[in-house]
Amino acid sequence: MQAEKEDEDEASPEEYVALSDFTGGGSDQRSFSSGDRLLVHSKPSAEWWWATLQGVPGYVPASYLRLVTAEEEEEEDISLEDPWQDEEYFGSYGTLRLHLEMLSDKSRTETYRQVILSNSASLRNKAVMDLGCGTGIISLFCAQLAQPSVVYAVEASSMADYTRQLVKQNGCEEVVTVLQGRAEEIELPEQVDVLVSEWMGNCLLFEFMVESVLQARDRCLRDGGIMWPSSAALTLVPCQADSYYTEKMAFWERPYGLDFTPLQPLAQQEFFTKPKFSHLIEPEDCLTAPCDVICLDMYTLQVRDLEEMKGQFHFCVEKSGVFHGFTAWFTVHFESLEEGGAAVELNTGPNSEPTHWKQTLFMLDRPVSVYAGDSISGSIVLHRNPVWRRHMTVTLQWNINSSTEDTDNCQANLFMSLYT
Ligand SMILES: N=C(N)NCC[C@H]1O[C@@H](n2cnc3c(N)ncnc32)[C@H](O)[C@@H]1O
C-alpha cells in the first residue's frame with residue numbers, strides 16, 4: 001500500500017497496547033510485538049491507523065490494538081476481551097435479520113433441502129446433528145423429508161427458544177430436539193451418524209464457525225459418520241471491476257468540474273485496503289479461468305490447519321482488459337449417503353445462481369492493463385487473526401508475465417494484505 005504520511009492530528013496521540021505480534025508487509029507498515037505500547041496519531045480508516053512505536057511511525061492494524069485505560073495504566077495488566085466476540089456474534093443471530101437473509105437465499109436453502117431429499121432413504125433411523133441450526137430449517141427438512149431416529153438441533157443464540165416453537169408448530173417435536181448452547185460445550189446423549197451444518201462465512205471462512213464444526217466432528221460424530229458439507233473449496237479469479245473503481249477512485253478526478261485527485265491516496269487507503277464483501281461479479285468480468293486455491297476435506301481438516309492456509313495460482317489471461325483485482329468465492333460439496341450416489345454442490349460463483357454471500361473482491365492499489373497471453377501467477381495466504389479469532393488476513397502475492405513487449409511492468413511483484 002502506498003500512502004503519504006498522515007499529518008499529525010492536533011489532538012494528543014492516544015496510547016494503545018499491542019495484543020499480539022504484527023509483522024508489517026509494506027515499507028509504510030510498522031511491526032510490533034505483543035505488549036508494545038504504541039502512540040496512535042490518526043485513524044485514516046477503521047482498519048489501519050497511523051502510529052509510532054518508540055518514535056518510529058507507520059501504519060498499524062487497528063484490530064491488533066487495545067486502548068490503554070487509566071485503570072490499566074496503574075494495574076499494568078492488559079486483559080484480553082473475548083477474542084471470539086461471542087456476545088456480539090450470537091447477539092446478531094438472536095434477531096431475525098440474518099436468519100431472514102439466509103432463509104431468503106433460495107440457492108443456499110434449496111441446496112440443503114436437495115441434500116436431505118436425495119438422501120432420504122439412507123437417513124432412515126439415523127441420528128443427525130444440525131450444528132448452528134438457527135431457525136431449524138435443515139432439521140425441519142430432515143423430519144419432513146426423511147425418517148431419521150433423531151435430529152439434535154444445536155443453536156447457541158437466543159433464537160433457540162423460537163426454534164423450539166417452530167419445531168412444535170410443524171409437528172416435528174418427536175424427531176427434532178433443540179439444544180441451546182455452543183456446539184463445543186453441548187453434551188449429546190449419543191454419537192451421531194451425520195453432522196450437517198451451514199457454517200460458511202464470507203470468503204468461506206470468515207466467522208471461523210468451521211472451528212466449531214471440526215470440534216463437534218471430533219466429539220460427536222461416530223467413526224465412519226458423514227460430514228455435510230463433506231468438502232469445501234475457495235476459488236479465485238483475476239477480474240476487472242471498472243464500475244467499483246469508477247465509483248470509489250475515478251470519482252475524485254473531476255467532481256463538479258473540480259480537481260479532487262489529492263484525495264485519491266486516501267480513497268485507495270480507505271476503500272481498497274479491505275475486501276469488498278457482497279460484490280457481484282459478472283462472468284465477463286473474469287480475465288481468466290478461475291482456479292481453486294484452497295481445498296478443505298472436512299474429514300481430515302484440523303483446527304490447527306486453520307491458522308494459516310496457503311494456495312498457489314497460475315492464471316492465463318484469455319482476453320485483454322484492465323486487471324483491477326481478484327474475486328473470491330467458494331463451493332461446498334455434500335457426498336451421497338448411498339455408495340456411488342451423486343454428490344450435491346453449492347457453488348457461490350458468478351456462473352451459479354447468486355447467493356447472499358455473493359462474492360468477495362480484493363482491489364489492487366492501482367489497476368494494471370493485461371493482454372491475452374499474459375500470465376498472473378502467485379500465492380494466497382489466509383492467516384487467521386491471532387487475537388480476534390473470527391477474523392483473518394488475506395495476503396495475495398503475484399507476478400504478471402507479459403508476452404506483450406509494450407507492457408512496461410511485465411515483472412510486477414505485488415502484494416496486498418487485507419483484513420476481514
Ligand atoms: N455463516 C453462517 N453460516 N452462520 C450461521 C451461524 C448460525 O449458527 C449458530 N452458531 C455459530 N456457531 C455456533 C456454535 N459454536 N454453537 C452453536 N451455534 C452456533 C449461530 O448462532 C447462527 O444461528
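How do the residues of the lining of the largest pocket divide into nonpolar, polar and charged? They split into 19 nonpolar, 14 polar and 11 charged, with Ala, Val, Leu, Ile, Met, Phe, Trp, Tyr, Cys and Pro counted as nonpolar, Asp, Glu, Lys and Arg as charged, and the others, Gly among them, as polar.

Before you click around: this is a predicted model, where local features need pLDDT of at least 70, side-chain atom pairs count only at pLDDT 80 or more, and totals for chains, interfaces and linings use all residues. Residues are numbered from 1 along each chain as its sequence is written, and side-chain values use heavy atoms, leaving out hydrogens and water.

**Stop 1: the pocket.** A pocket here is an open set of points on a 1 Å grid over the protein atoms alone, where a 1.4 Å probe fits, with protein on both sides within 12 Å along at least five of seven lines; lining residues have an atom within 4 Å of a point.

Now colour α3 (96-104), which gives the largest share of the lining, 6 residues. Helices (H or I, at least four residues) and strands (E, at least two) are DSSP runs, numbered from the N terminus.

**Stop 2: the ligand.** The ligand takes up the space of the largest pocket (more than half of its atoms lie within 2 Å of the grid points). Show its shell: 19 residues surround the ligand, the closest being E155, A183, E184, E198 and M200 (a heavy atom within 4 Å).

- M200: a polar backbone atom at 2.9 Å
- E207: a side-chain N or O atom at 3.0 Å
- A156: a backbone N or O atom at 3.2 Å

Taken alone the ligand exposes 500 Å², and the protein buries 98% of that (Shrake-Rupley method, 1.4 Å probe).

Stop 3: Select F208, in the loop between β9 (192-197) and α7. F208 is not a glycine, yet has a positive phi of about 50°. Then jump to P229, between β10 (221-228) and β11 (231-239): the peptide bond from W228 to P229 is cis, with omega near -5°.

How values were computed
A polar contact is a pair of N or O atoms within 3.5 Å; within protein, one must be able to donate a hydrogen and the other to accept it, and residues adjacent in sequence count only if both atoms are side-chain atoms.
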